[in-house]
Amino acid sequence: MARVVVDVMLKPEILDPQGKAVHGALDRIGLPGVVDVRQGKRFEIEIEGEVDDARIAEVAESLLSNPVIEDYTVRVDD
Amino acid sequence: MRVGVVTFPGSLDDQDARRAIQVAGGEPVALWHGDHDLKAVDAVVLPGGFSYGDYLRAGAIARFSPVMTEVIAAAEGGLPVLGICNGFQVLCESHLLPGALVRNDHRKFVCRDQGLRIERTDTAWTSGYTAAQEVTIVLKNGEGGYVADELTLDRLEGEGRVVARYLDVNPNGSLRDIAGISNERGNVVGLMPHPEHAVEALTGSGTDGLPFFTSVLTEVVGG
């Protein structure tokens, strides 16, 4: 069984209102020195058998992320 | 004239869209997300709402529904398709339209009577407006900020594919005040405001949305 971890983040130039709201909350509860917060998504996909890297990249690009606004990284934990 | 309206799980404005088609003089046809069947309609409306709960990204899961396989193929063949709000998001996720719609820059859901300028009147859905006509159509969205890279924005402007632009107030942070765009051919239009809620005086905010639905009837008859 392999675990494929796909992290998806908004591209740096895309405004992240959720990250900004979290940043505001961190300021309010008193975490010093916070300069920026970006919020992303993490997918953990359990796969039986061989992991097809090319196919994983395809679904990461077509479904899990939208390349117009997001970047993704893939990691496979065996 | 038969105009299909797709219902996805989580669609909200499918019924209003069907009624708007009827008020315009067309025959509304209910289409189901799970069917590979467009029921031989002459045009399709993808309505507003929260298809698949907006899970993952707004429109991202709807794009892979069985009916969208048919809508995408038909749209590429020239079938008129109008995506309203969530429908606009589905069209962008389907790559029938460029760019994407992201969370409003001010972080709040917005609901208001919105001033718009209709900038392109040779699409299947806007031929009933006069060039640069200013209208008021209700807007309601949480993720209505239109974004695309500079190159794409310049191309949209250069090719005259900005269909409608926000007037006075930019309600959601859309780049270049873009409220709606079309594909190159003009048969596919995505629009963030809701013309289907502005077709009858009884329910308020006027009838400025009606020409979206009468336009396509003329288009289909004329074509």
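How many residues does the contact take from chain A and from chain B? It takes 9 residues from chain A and 13 residues from chain B, where a contact means C-beta atoms, placed from the backbone, within 7 Å. This is a predicted model, in which local features need pLDDT of at least 70, side-chain atom pairs count only at pLDDT 80 or more, and totals for chains, interfaces and linings use all residues. Residues are numbered from 1 along each chain as its sequence is written, and chains are lettered from A and ligands numbered from 1 in the order in which they are written.

**Where the chains meet**
- On the side of chain A that touches chain B, helix H1 (residues 17-29) gives the most, with 3 residues.
- That side has 7 nonpolar, 2 polar and no charged residues; nonpolar means Ala, Val, Leu, Ile, Met, Phe, Trp, Tyr, Cys and Pro, charged means Asp, Glu, Lys and Arg, and the others, Gly among them, are polar.

**The build of chain A**
- Chain A has 2 helices and 3 strands (DSSP runs, H or I of at least four residues for helices and E of at least two for strands, numbered from the N terminus).
- Along the sequence, the pattern of chain A is β-α-β-α-β.
- The radius of gyration of chain A is 16 Å, well over the 12 Å of the globule rule for 78 residues, so chain A is more spread out than a compact globule. The radius is taken over C-alpha atoms, and the rule is 2.2 Å times the number of residues to the power 0.38.
- The C-alpha trace of chain A spans about 45 × 25 × 15 Å along its principal axes.

Methods
Two residues are in contact if their C-beta atoms, placed from the backbone, lie within 7 Å.
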